[in-house]
Amino acid sequence: MTGLRERQKAGRRRDILAAASQLFRKDGFADTSVEAIAALAEVGTGTVYNYFKSKDEVFQAIQDENALRVRPRLRAERVESPDIRAGMAMLIAALCAEALAAQFSDPERIAELKRQARAAQGCVPRIEPQHRIRRARAR
């Protein structure tokens, strides 16, 4: 069991990342300042710098957390995939669904975009396994 201090630090870090994510989506990375992140997270600017060296590091932490959240779903899609082409299509659909869920809060809009992503799966180009390419070149 973690102590109170560790839970508070983890909560503060989550608050900073949530504020940064919201501001990056709304204003863009370039137009978001560390001061704005701190204000939205209700912490001091120095506190943000205690957790992260720079705005770039805050952005990287957001990306890392997103990747950790998506990774199990990608593994499941890969296991269920009958071939590489279908696997790539499922992988793209899973990534799009996760990105959309992070960007939009309207469930109807998310459902529509997921339908469009599924419809686009047929547009994935054919990818030949490397062993077939090598054999064809050897002939």
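Biologist: Why is phenylalanine 59 called partly exposed?

Modeller: Keep in mind that this is a predicted model. Phenylalanine 59 has a relative accessible area of 35%. Buried means under 20% and exposed means over 50%, so 35% makes phenylalanine 59 partly exposed.

Biologist: And what about phenylalanine 24 and phenylalanine 29: why is phenylalanine 24 called buried, and why is phenylalanine 29 called partly exposed?

Modeller: Phenylalanine 24 has a relative accessible area of 11%, and buried means under 20%, so phenylalanine 24 counts as buried. Phenylalanine 29 has 30%, which lies between the 20% and 50% cut-offs, so phenylalanine 29 is partly exposed.

Biologist: What makes the pair of phenylalanine 29 and phenylalanine 59 edge-to-face?

Modeller: The planes are 70° apart, with 5.5 Å centre to centre.

Biologist: Why is the pair of phenylalanine 24 and phenylalanine 29 called tilted, then?

Modeller: Those centres are 5.2 Å apart, with 45° between the planes. Stacked needs under 30 degrees and edge-to-face over 60, so 45° is tilted. Ring pairs link Phe24, Phe29 and Phe59 into a cluster.

Biologist: How do you know that lysine 55 lies over the face of phenylalanine 29?

Modeller: Lysine 55 is at 4.3 Å from the ring centre. The distance limit is 6 Å, and the charge must also be within 35 degrees of the ring normal; lysine 55 is listed as lying over the face.

Notes
Residues are numbered from 1 along each chain as its sequence is written. This is a predicted model: local features need pLDDT of at least 70, side-chain atom pairs count only at pLDDT 80 or more; totals for chains, interfaces and linings use all residues. Side-chain values use heavy atoms; hydrogens and water are left out. Rings of Phe, Tyr and Trp (its six-membered ring) pair if their centres lie within 6.5 Å; planes under 30 degrees apart count as stacked, over 60 as edge-to-face and the rest as tilted. Buried means under 20% relative accessible area, exposed over 50%, partly exposed in between (1.4 Å probe, protein chains only).
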